[in-house]
Amino acid sequence: MTPATLKVGSELRTAPREMTRERMRWYVDAQPTVAHDDGRIHTQEPTIHDDDGIIADGMISTNWIMGLLLDTFGTDFLHKGKLRTKYIAPIYEDQVVISRARVTAIEQAGDTTTYRMEVWCEDDTAKKLTVGEAVAYTKA
Amino acid sequence: MGKWNCEETMAVGQYTSDLEPGDVLGPVEYTLSPFVVREYCHAVELHQDCFQQAKGAVMPPTLIHLDKLRLYRHACPKGTGPHARVHIEYDATFHEAVPVGARLRVGGKVSERIEKRGRTYVYIDMELRAAEDDRLLISYRDTVTLSYRETKA
């Protein structure tokens, strides 16, 4: 779907992804790798868990929503945009995650179109895990 | 830099658990490397060309969350402290794309620390700016909770 085809109520969604231990590990290890910035992959122990097991870092779901918006709005979204995500339920190992967005408003001002969206991640029972909002802008 | 400068830095605690409203973190300067952008994007499966290309690549705005850890290391050298910390909200406004190779300056300020339903919430407002001319690139509000325990229904 392209921005030009979006209407209020239009929905975007990714294919389902399992939050595998490997995906959790990639993000956990990205943190010291970015911190050291020495051309090597670093590792660290996962720290987020509860009685039911390890929990994925919320930023993974934020980034999956970011990917959904980038695939729709392109790099315009990186030049001007907003994204807020709140982690309302833990995402456990192997839980299925689907990233979604729904257009709630479209505003035209001059040559700029503003798209306001509700964004969220849900599991395969439609239970919401991460919720938030996004604003994207396109120019004619 | 921007809203906060070094002169107003307060006596920040040695642990991130100690952070109090008004504490200033940073600013810290660094150069955004292509390695960091590529590795972060691989980790979170952002495979778009704009993050991977050799020339003209840009930073995913989500990467500012790891700048918070950069500020923690700078301001709280003893680490997390007695309370586990869990990130619960990302809230960012992107003002300009951030090019790989740019010299950047990041700083933050603890805006709130509140107790709610038995948990402690800490809010940090951050700004990422171009070091050369102080242009605002990304503004970000980070929310964490301390002493996290999942409440069973």
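This is a chat about a predicted model with chains A and B.

Biologist: What does chain A consist of, in helices and strands?

Modeller: Chain A has 3 helices and 8 strands. Along the sequence they come in the pattern β-β-α-β-β-α-α-β-β-β-β.

Biologist: And what are the spans of chain A along its principal axes?

Modeller: The C-alpha trace of chain A spans about 50 × 40 × 20 Å.

Biologist: How many helices and strands in chain B?

Modeller: Chain B comes to 3 helices and 5 strands. Read along the sequence, the pattern is β-α-α-α-β-β-β-β.

Biologist: Let's pick a residue. Is T85(A) buried or exposed?

Modeller: T85(A) counts as buried, because its relative accessibility is 0% and the cut-off for buried is under 20%. T85(A) sits in strand 5, residues 81-87, of chain A.

Biologist: What does the side chain of T85(A) make polar contacts with?

Modeller: One partner is the side chain of T62(A), at 2.7 Å. Another is the side chain of Y87(A), at 3.5 Å.

Biologist: Switching to charges. How many salt bridges does the structure hold?

Modeller: There are 24 salt bridges over all chains. One of them joins D29(A) and R25(A), with the closest N and O atoms 2.9 Å apart.

Biologist: Where do D29(A) and R25(A) lie?

Modeller: Both D29(A) and R25(A) are in helix 1 of chain A, 4 residues apart, about one turn of the helix.

Biologist: Buried or exposed, that D29(A)?

Modeller: D29(A) is buried, with a relative accessible area of 10%.

Biologist: Which residue forms a salt bridge with R102(A)?

Modeller: R102(A) pairs with E118(A), and the closest N and O atoms are 3.0 Å apart. R102(A) lies in strand 6 (residues 96-109) and E118(A) in strand 7 (residues 112-122), so the pair ties together parts that are 16 residues apart in sequence. R102(A) is partly exposed at 27% relative accessible area, and E118(A) is partly exposed at 26%.

Biologist: Now chain B. Which residue forms a salt bridge with E96(B)?

Modeller: R135(B) does, with 3.0 Å between the closest N and O atoms. E96(B) lies in the loop between strand 2 (85-94) and strand 3 (103-116), while R135(B) lies in the loop between strand 4 and strand 5, so the pair ties together parts that are 39 residues apart in sequence. E96(B) counts as partly exposed at 30% relative accessibility, and R135(B) is partly exposed at 31%.

Biologist: Back in chain A, which residues do salt bridges that share partners join into one network?

Modeller: The network holds E11(A), R100(A), R102(A), E118(A), E122(A) and K128(A).

Biologist: Which residues gather in a patch of negative charge on the surface?

Modeller: E18(A), E22(A), D94(A) and D124(A) form that patch. Of these, E18(A) is in strand 2, residues 17-18, of chain A. E18(A) is partly exposed, with a relative accessible area of 41%.

Biologist: What about the backbone? Which residues have a positive phi although not a glycine?

Modeller: D37(A) has a positive phi of about 45°, and D134(B) has one of about 65°. Most residues other than glycine have a negative phi.

Biologist: Where is D37(A)?

Modeller: D37(A) is in the loop between helix 1 (21-36) and strand 3 (49-50) of chain A. D37(A) is partly exposed, at 33% relative accessible area.

Biologist: And D134(B), where is that found?

Modeller: D134(B) is in the loop between strand 4 (119-130) and strand 5 (136-146) of chain B. At 27% relative accessibility, D134(B) counts as partly exposed.

Biologist: Last topic, peptide bonds. Which two residues does a cis bond join?

Modeller: G26(B) and P27(B), with omega at about 10°. Most peptide bonds are trans. P27(B) is found in strand 1, residues 24-31, of chain B.

Technical notes
Residues numbered from 1 in each chain as written. Chains lettered and ligands numbered in written order. Predicted model: local features only at pLDDT ≥ 70, side-chain atom pairs only at ≥ 80, totals over all residues. Heavy atoms only, no water. Patch = residues over 30% accessible without salt bridge, like charges linked within 9 Å, V, L, I, M, F, W, Y side chains within 5 Å. Areas by Shrake-Rupley, 256 points an atom, 1.4 Å probe, with all protein chains shown as cover. Salt bridge = Lys/Arg side-chain N within 4 Å of Asp/Glu carboxyl O. Lys, Arg positive; Asp, Glu negative; His and termini not counted. Charge placed at Lys NZ, Arg CZ, Asp CG, Glu CD. Helix = DSSP H or I, 4+ residues; strand = E, 2+ residues; numbered from the N terminus. Buried < 20%, exposed > 50% of the residue type's maximum accessible area, 1.4 Å probe, protein only. Polar contact = N/O pair within 3.5 Å; in protein donor to acceptor, adjacent residues only side chain to side chain.
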